Amino acid sequence: MNALRDAVAPLLFVGFLLAVWETACRLNHVPEYFLPPPSAIAAALAANLGILASSGGRTLAMAMEALAAAALFGGGLALIVTLSRTLEQAIRPLATALQVTPVVAIAPLVVIWMGVDHPDRAIIVLAAIVAFFPIFSGTVRGLTSVDPDLERLFDLYGARPVQRLFRLRLPSALPFVIEGAKVASGLSIIGAVVAEFVAGSGGAQGLAWRILEAGNRLQTAKMFAAIMTLALMAAGVHLMFQFLEQRGLKWWRGR
Amino acid sequence: MTSIASLNSVEVDYPARGRALGPFSINLASGEIVALVGPSGCGKSTALRLLAGLESPTRGEVQRTAARGETAVVFQAATLAPWMSASANVALPLELAGVNRTESRARARAALARVGLAGAEAARPAQLSGGMAMRASLARALVTEPKILLLDEPFAALDEITRRALADDVLTLWTETRPAIVFVTHNVEEAVYMASRVVVMTGAPGRSAGETSIEGPVPRPDGFRTTALFRDAVEAVSANLGRGMAAAA
């Protein structure tokens, strides 16, 4: 009963807000270009479903490619960095600087480097830069937070460096890596959308471009429909990674 | 009796803490059970790590005749890898030493059976109770049939009934292969119950504050805790401990 109430309550609340929104727009004769009523947004969504879905697919694909690249470079660099303390000291400030620099600020540069004809490449690189840090720092933290007594045990039995890496440090790091990947998955979508805005061309045909395009034509209902698609997609990715995290941790811990 | 490990006037200084141990000497004969008792922070665990060869002293000398794989340590926590099953955890020392997987798993199963954990091979550490996890940890220490077994307050996190049962189990297991055991604790009665020799250490930096030998059969017979022998030994150790604390203060 409680579970049912918990599930229904947010739906009812959203329904209530939509009803207020719809009524207010109709009663006050708000122009549709300024604030379309939910019914107009639904109509725009239905009319553009195909193009929004394919644009969403493009954005999602770019974000996931960026995530894969970030995992490869972030995880790899973390592995190299933890081999020596000096190396970590040397690289960490640079990695942090990269993380705190807003992606919009470096986007124009990356667009130039990747070639103005290939906005999709620039978008993937930029989204990967955004997704890089949580994976890098999660992996570094995981690799360096091994139980010191387990470490002593490996010393005691004379473990070789390879054994220590594969049988102790990598498995110890796994929960941190999964956590980092979850955070990075959300950031990669944000990064892809921001990069698409900055690239500002239709070449990549992602969701952000649909928002820009509809905005330029004052098709506000379509803008809302694109934003909704984006929100749903990001929520879907978040839920999927949360599910993967739970399953991964369950497998790791055995319960 | 031949010496299997000894610390000769060792001192250990830590950069941030200063002197942690010493000068401290102890000689461990093969097959004997020695308890190290002392207040918290007196360097008991440091002494144990020196005996294990996991650390080097700042000054003094450590002698160890045990080869690699002949020394085993049980820590205060069970220190099992959570991502591995109980049998994989126990097999780990063998696999690190290059024993093939089939043989090491079979020996791990046998070791688990010896500590009363037959049937729990596939369980993960998170599924084991505190006492069971400590038994698995003990099985991992015994699987290599060590000549020195170093126990660093292994029962500190367990309830009284479990720790008494484990103390008896350790003594029974000792009769099978007779490793030399060094047992660190701050519980005087536990030390007297387990050991044939109790070395008391002073407060930090730990030095020897006296030594008490305990006669009597091992494993301990029922009711050993009520005998005059046991009570007298506890009194003697407690007196040493009191002197040690006073000397450090």
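User: How many of the nine residues of helix α1 (residues 44–52) of chain B are buried?
Analyst: Eight are, so α1(B) is largely enclosed by the rest of the structure. Buried means that 20 or more other C-beta atoms, placed from the backbone, lie within 10 Å of the residue's own. This is a predicted model, where local features need pLDDT of at least 70, side-chain atom pairs count only at pLDDT 80 or more, and totals for chains, interfaces and linings use all residues. Residues are numbered from 1 along each chain as its sequence is written, and chains are lettered from A and ligands numbered from 1 in the order in which they are written.

User: Which residues of α1(B) are buried?
Analyst: Among them are Lys44(B), Arg49(B) and Ala52(B). Helices are DSSP runs of H or I with at least four residues, strands are runs of E with at least two, and both are numbered from the N terminus.

User: What comes just after α1(B)?
Analyst: Gly53(B), which takes a positive phi of about 80 degrees.

User: On to strands. Are the faces of β5(B) covered or uncovered?
Analyst: In strand β5 (residues 71–74) of chain B, both are covered. Thr71(B) and Val73(B) are buried on one side, Ala72(B) and Val74(B) on the other.

User: In which sense does β5(B) pair with β6(B)?
Analyst: Parallel, over four bridges, with β6 spanning residues 148–152 of chain B. Strands pair if DSSP finds at least two bridges between them. Val73(B) stands opposite Leu150(B) in β6(B).

User: What about β1 and β2 of chain B, parallel or antiparallel?
Analyst: Antiparallel: eight bridges join β1 (residues 3–14) to β2 (residues 18–29) in chain B. A hairpin of three residues links β1(B) to β2(B), and Leu7(B) stands opposite Ile26(B) in β2(B).

User: Now chain A. Which residues of α8(A) meet α9(A)?
Analyst: Val193(A), Glu196(A) and Phe197(A) meet Leu207(A), Ala208(A), Trp209(A) and Leu212(A) in α9(A). Contact means C-beta atoms, placed from the backbone, within 7 Å. The residues of this contact divide into six nonpolar, no polar and one charged. Ala, Val, Leu, Ile, Met, Phe, Trp, Tyr, Cys and Pro count as nonpolar, Asp, Glu, Lys and Arg as charged, and the others, including Gly, as polar.

User: How many residues does each chain give to the contact between A and B?
Analyst: Chain B gives 18 residues and chain A gives 16 residues. On the side of chain B that touches chain A, β5 and α2 (86–96) each supply at least two residues. That side of chain B has twelve nonpolar, four polar and two charged residues.

How values were computed:
A residue is buried if 20 or more other C-beta atoms lie within 10 Å of its own, exposed if 12 or fewer, and partly exposed in between; C-beta atoms are placed from the backbone. Two residues are in contact if their C-beta atoms, placed from the backbone, lie within 7 Å.
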